[in-house]
Amino acid sequence: VRFRSCDGNKKIHFGSSEPEDFRVDEDGVVYAERNFQLSGEPTEFVVSAQDKETQQEWQMRVKLTPEPDFTGASEKDQRKIEDIIFPWQQYKHSSSLKRQKRDWVIPPINLPENSKGPFPQELVRIRSDRDKSLSLRYSVTGPGADQPPTGIFIINPISGQLSVTKPLDREQIASFHLRAHAVDVNGNQVENPIDIVINVIDMNDNRPEFLHQVWNGTVPEGSKPGTYVMTVTAIDADDPNAQNGMLRYRILSQAPSSPSPNMFTINNETGDIITVAAGLDREKVQQYTLIIQATDMEGNPTYGLSNTATAVIAVTDVNDNPPEFTAMTFYGEVPENRVDVIVANLTVTDKDQPHTPAWNAMYRMTGGDPTGRFTILTDPNSNDGLVTVVKPIDFETNRLFVLTVAAENQVPLAKGIQHPPQSTATVSITVIDVNESPYFFPNPKLVRQEEGLLAGSVLTTFTAQDPDRYMQQTSLRYSKVSDPANWLKIDPLNGQITTTAVLDRESIYVQNNMYNATFLASDNGIPPMSGTGTLQIYLLDINDNAPQVHPKEATTCETLQPNAINITAVDPDIDPNAGPFAFELPDTPASIKRNWTIVRISGDHAQLSLRIRFLEAGIYDVPIVITDSGNPHASSTSLLKVKVCQCDINGDCTDVDRIVGAGLGTGAIIAILLCIIILLILVLMFVVWMKRRDKERQAKQLLIDPEDDVRDNILKYDEEGGGEEDQ
């Protein structure tokens, strides 16, 4: 049924006066709501169209008559085919004018799919009311006729009978739109084309098909009834707007059937699976398998087609089982002073799924370790707790630890579940006594002592302590490990340190007045242990070193100006046994004070110069007396070798060679003579070698030259007595 409003914008809702028998969709298509037999008399009902906004209503009466059964009807009934007549129009060749009727709206032709024939099966007859005066030819065009798929519909060009040639399949093509034409024998159009719509009526010829044969879903254990699990979906190739394509779902079976055979239900229209009963427990049932059936015809078990699929629902784990210790008390032991040692293994059981946050255990110490000497790590494979020592433990201080440990999971327990007493345990750890190294106290030990302490003097006593108060062992023995200057010795029994040489602060082994020596203390335990201690001797300075002049040699001019020599006093001692220094010249020999004078210019420096106007060039030993500021004073006479030379106007020596020659010692002269002798020997050896080489060359030529062979120069005279002497 169709409704057309004047403005074309009305939103219409269709209704039926017989809703239990007939249903009208929004598109105006009328469906039977149930199966029933129509009597021979027409069946009537009223269809209403109501404006959704204004609630205005229009009504129309529908009269239904049974369609003839083509397969079982007689030839006479089969000939009762509906005629479709072209609408009136103004005839071009007519002298009279007739009113042109508006175009008809041809009702669609409904043709069931999968018809068994016989074929061709007549549908309607197309004709024009001008066929009485003209010889006309009829044809149809469009998909299914002259367009792919071609040949499904044919028309008798003379009678205009439209027929179908084979069964139709709605799932391939749901409707055909054809256009009928009427022309004269010359091919001239005599009528306007009319549109013919052929709807393929759906038959229930397709079973529902699930998108997947196996559906996988999950649901947490302990879920409440009504918890959504998953959705299964099936499709039907039949018309989804008809009962043939309307699916309904139901659960055929559940395995296993514990704790209830109906743990799940399914929404018969949407396919949503939800829980319907409580009691899901992964520790008892880890997976459910449901057989789901989808049936078309809105689930009608008699006429509907069905198909099945499998839904596998895995029950996921939640933390509904706390970890429980396998024993209330665990025991372990550890040697003292050991770290990173596992002393006890704590074992727990947890019924949740292994290697998940609900199963993985974490251990926490709640008491017994105030100083934090232990930690508990979790073995990721076994879930055991590994009690490990992280700080050294002294047996003499603590012999036993009693720890309180609690076990928890990585995620909190499910709501309403509490930790039982089995989630707490006690760990008893015994500390084992071992032989420990003796130690010196204090270490290092500082001793202040004046230098110059004589050999054999008692310096101090340096002893060690043995921390093993509960072991049966003799006293400690001492020995020396390091004594760079070999000044000290230690008594092996009482640790008394005495000197073996004079302590000297100015020794090369003393750094910043500090001398270090190392000693060893050993016990006789099993195994024997030892410890070292350092003795630091801070040596106090005494005035045991006289100052010396620096440098030892100097150069000056033989004239009075310029002739100043700067000298420095050097003393190994330190303040107050060093500077300021006093500089003076000795009284003897008298020539020293006659020729030289010295003036102090600072605490450590003085200036030596000529007292007379001229002093002959040469090398002079000038004694200088230097006295420090110590108490008592220490002084020494140092010889300064002064080279007096002739100088130019700039004060530079001009007769250095003469002075240097005059200053050569006996050793230098001997060395020079030896060099000269060696050089002469080398020259002589070279000359001898050259002469010998020339002689060898000449002798070699005599042996080789055949013209000088002696045998060719001997003359035989065959006479006795002396002959003429030939060479």
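Helices (H or I, at least four residues) and strands (E, at least two) are DSSP runs, numbered from the N terminus. The structure is a predicted model, in which local features need pLDDT of at least 70 and side-chain atom pairs count only at pLDDT 80 or more, while totals for chains, interfaces and linings use all residues. Residues are numbered from 1 along each chain as its sequence is written, and side-chain values use heavy atoms, with hydrogens and water left out.

Ile 417 sits in the loop between β30 (400-409) and β31 (424-432). With a relative accessible area of 27%, Ile 417 is partly exposed; buried means under 20% relative accessible area, exposed over 50%, and partly exposed in between (1.4 Å probe, protein chains only). The C-alpha atom of Ile 417 is separated by 6.6 Å from that of Asp 320, although the two residues are 97 residues apart along the chain.

Two strands pair if DSSP finds at least two bridges between them. Leu 403 has Val 427 in β31 as its bridge partner. Both strands belong to an open sheet of four strands with mixed pairing, in the order β24-β31-β30-β27. Its edge strands, β24 and β27 (361-367), each pair on one side only. From one strand to the next the twist averages 35°; axes are lines fitted to C-alpha atoms, for helices over the stretch in contact, and angles run from 0 to 180 degrees between N-to-C directions. Strand β24 (residues 329-335) contains Tyr 331, which is exposed at 65% relative accessibility. Asp 340, in the loop between β24 and β25 (341-346), has a positive phi near 55° and is a residue other than glycine. Asp 340 is exposed, with a relative accessible area of 64%.

Another open sheet of four strands has the order β7-β13-β12-β9, again with mixed pairing. Here the edge strands are β7 (109-112) and β9 (136-141), each of which pairs on one side only. The twist averages 30° from one strand to the next. Six bridges connect β9 with strand β12 (residues 175-184) in the antiparallel sense, and Ser 139 stands opposite His 181 in β12.

Further antiparallel pairing involves strand β21 (residues 287-295), which is joined to strand β18 (residues 248-255) by seven bridges. Ser 253 stands opposite Ile 291 in β21. Strand β21 is also joined by nine bridges to strand β22 (residues 306-316), the two running antiparallel, and Tyr 288 has Ile 313 in β22 as its bridge partner. The loop between β21 and β22 holds Glu 298, a non-glycine residue with a positive phi of about 55°. At 35% relative accessibility, Glu 298 is partly exposed.

Strands β4 (residues 43-51) and β5 (residues 57-64) run antiparallel and are joined by eight bridges, with Glu 44 opposite Lys 63 in β5. They form a hairpin with five residues between them, and Gln 55 in the turn has a positive phi of about 65°.

Two cis peptide bonds were examined. One joins Ser 258 and Pro 259, with omega about -5°; Pro 259 lies in the loop between β18 and β19 (264-266). Another runs from Thr 588 to Pro 589, with omega near -10°, and Pro 589 is placed in the loop between β44 (582-584) and α2 (590-595).

The whole structure contains 13 aromatic pairs. Rings of Phe, Tyr and Trp (its six-membered ring) pair if their centres lie within 6.5 Å; planes under 30 degrees apart count as stacked, over 60 as edge-to-face and the rest as tilted. Phe 462 and Phe 519 form an edge-to-face pair, with 6.3 Å centre to centre and 85° between the planes. Phe 462 lies in the loop between β34 (458-461) and β35 (464-465) and Phe 519 in strand β39 (residues 514-522), so the pair ties together parts that are 57 residues apart in sequence. Both Phe 462 and Phe 519 are buried. Together with Phe 440 and Tyr 478, they form one aromatic cluster.
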